[in-house]
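Please look at the sequence and the 3D structure below, with an eye to the aromatic rings.

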Amino acid sequence: MAEGGSRRWRFSPSTWCLAGGVAVAALYYLLPGGAWGKSAVVASLPVCMLSVWAAARIERRRLEERVRHHAMYDPLTDLPNRTLFLDRLEHAVSASRRGGHTVAVLMMDIDGFNAVNDALGQAAGDEVLAQVGGRLRDCLRSTDTVARMDGDRFAMLLVDAGTPEAARVADRVLERLGAAFSVKGKDVFVDTSVGITQFPDGSRSAGSIVADADSAMCAAKHAGGRRYQFYQRERHAELLKQFELLTELRQALERREFVLHYQPIVRLDDGRIVGVEALTRWVNPSRGMIQPGDFIPLAEQAGLIVAIDRWVTAEACRQTRTWQQRFPSENPLAISVNLSARQLQDLDLLRDVRAAVETFGLAPRSLTLEITETVLMQDTEATISVLRALRGLGVRLAIDDFGIGFSSLSYLRRLPVDVVKIDRSFVAGVATGTEEWTLARGIIRLVHSLGLETVAEGVERAEQRAHLMALGCRLAQGFYFARPAPAEAITALLEQAQGRSA
């Protein structure tokens with residue numbers, strides 16, 4: 001409505017054509033005299049029909065334009081969509097081949113966008129996306145293209161743009177999107193990660209450009225985000241290898257490709273084996289033996305680590321009970337199993353541990369669960385609560401890699417642990433470095449003052465063993481005594497020990 005209350009009518013061109021035809025017919029009919037009578041209506045019919053035909057043509061053309069626009073543009077941001085972007089990219093690559101100039105593609109997504117949706121609702125998220133589209137459009141020349149690919153992913157096509165120009169645009173994007181967005185009266189902040197590839201200097205084919213830019217964007221995100229990264233073939237090959245490894249990792253558990261190796265824990269005075277630590281290995285049919293450092297981080301990222309850890313705990317308990325029955329002793333052989341940060345947060349952890357010891361008849365005191373010092377420092381109160389519950393089951397608890405974190409004496413007093421494993425970095429220099437010797441002595445004295453046991457990790461030389469004994473450390477593990485080995489090899493070691501004691 002207008003301010004005065006009158007309505008403003010708007011007519012399409014087709015409506016005006018139809019109205020014009022009707023008006024002419026009316027004049028033929030109404031005007032008096034001579035040929036201007038009712039019989040003249042017949043003469044006016046062609047004019048009306050022509051007007052109707054013109055109106056239909058105009059309406060159809062307008063409808064076709066709307067359909068074409070809807071097929072090629074994103075309705076939320078009014079930016080070109082993926083289909084139009086790929087079409088323009090194809091033309092740009094063809095022109096690049098003819099003219100020899102460089103085409104650059106920038107791929108980006110919005111870091112933190114899901115948090116906006118969750119906190120403020122989808123409407124607020126849509127508003128952020130619309131504003132992002134506007135800011136990205138302002139970063140480009142008129143000859144370039146910015147498109148919304150899907151969700152919170154956007155792409156830019158820079159024509160005749162070398163590496164410096166692509167980097168400058170990426171810097172502008174990071175700067176513009178780093179500023180606050182005003183949504184529902186609130187300042188909203190998001191970040192972005194930008195991947196850049198070029199043709200023909202980076203990507204080898206037109207078909208791989210978008211995928212290569214995506215790969216570079218993932219690299220920027222993995223590096224911490226809020227940055228741009230140019231595509232590198234070597235990095236892409238590494239990501240492809242990880243992807244293939246992850247696919248095989250998802251199948252490894254059900255195919256029973258994981259095995260356990262065990263490293264003995266011995267008494268320093270006589271070398272007697274008092275326990276073993278279970279270490280996971282992956283025997284891949286095509287790649288062979290894969291070490292934990294190559295697949296454990298992938299398992300954590302993919303959410304597979306809890307299932308793997310559950311199997312490790314159960315299998316370690318089964319094997320240890322088998323050894324205990326075969327080699328009975330007043331002090332039964334103990335088993336140590338590592339707990340991941342994710343497993344420590346799992347609601348089924350207590351149930352899984354209880355099931356493992358009860359299923360195989362292992363005394364809970366024979367199982368030691370190891371948690372790294374850095375994991376223990378995360379969410380302290382919740383961690384202590386879980387540790388107390390585990391202690392309530394009767395299992396023993398150990399701090400692994402002690403000394404590399406930030407534990408204080410007061411913090412160590414609060415932890416319901418039984419064993420502290422001294423990190424190998426202190427053990428390595430205990431026989432040669434005055435500083436390492438002093439630190440190791442301080443840790444051992446501190447731990448013993450709290451009534452806890454110490455285990456030295458990474459002992460590789462006789463002198464290290466001698467110095468650790470002199471400092472009062474009772475237990476150790478390392479290559480000096482035995483390397484991690486399959487269960488059969490540990491069985492042979494236990495048989496040898498039994499033979500010596502007979």
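How many aromatic pairs does the structure hold? The structure holds seven aromatic pairs, where rings of Phe, Tyr and Trp (its six-membered ring) pair if their centres lie within 6.5 Å, and where planes under 30 degrees apart count as stacked, over 60 as edge-to-face and the rest as tilted.

The model is predicted, and local features need pLDDT of at least 70, side-chain atom pairs count only at pLDDT 80 or more, and totals for chains, interfaces and linings use all residues. Residues are numbered from 1 along each chain as its sequence is written, and side-chain values use heavy atoms, with hydrogens and water left out.

The ring centres of Phe 258 and Phe 295 are 5.6 Å apart and their planes stand at 40°, so this pair is tilted. Because Phe 258 lies in strand E8 (residues 258-267) and Phe 295 in helix H9 (residues 292-302), the pair ties together parts that are 37 residues apart in sequence; helices (H or I, at least four residues) and strands (E, at least two) are DSSP runs, numbered from the N terminus. Ring pairs also link Phe 258, Trp 282, Phe 295 and Trp 311 into a cluster.

Tyr 480 and Phe 481 form an edge-to-face pair, with 5.1 Å from centre to centre and 85° between the planes. The table gives the accessibility of the residues in both pairs, where buried means under 20% relative accessible area, exposed over 50% and partly exposed in between (1.4 Å probe, protein chains only).

| Residue | Relative accessibility | Class |
|---|---|---|
| Phe 258 | 5% | buried |
| Phe 295 | 0% | buried |
| Tyr 480 | 34% | partly exposed |
| Phe 481 | 21% | partly exposed |
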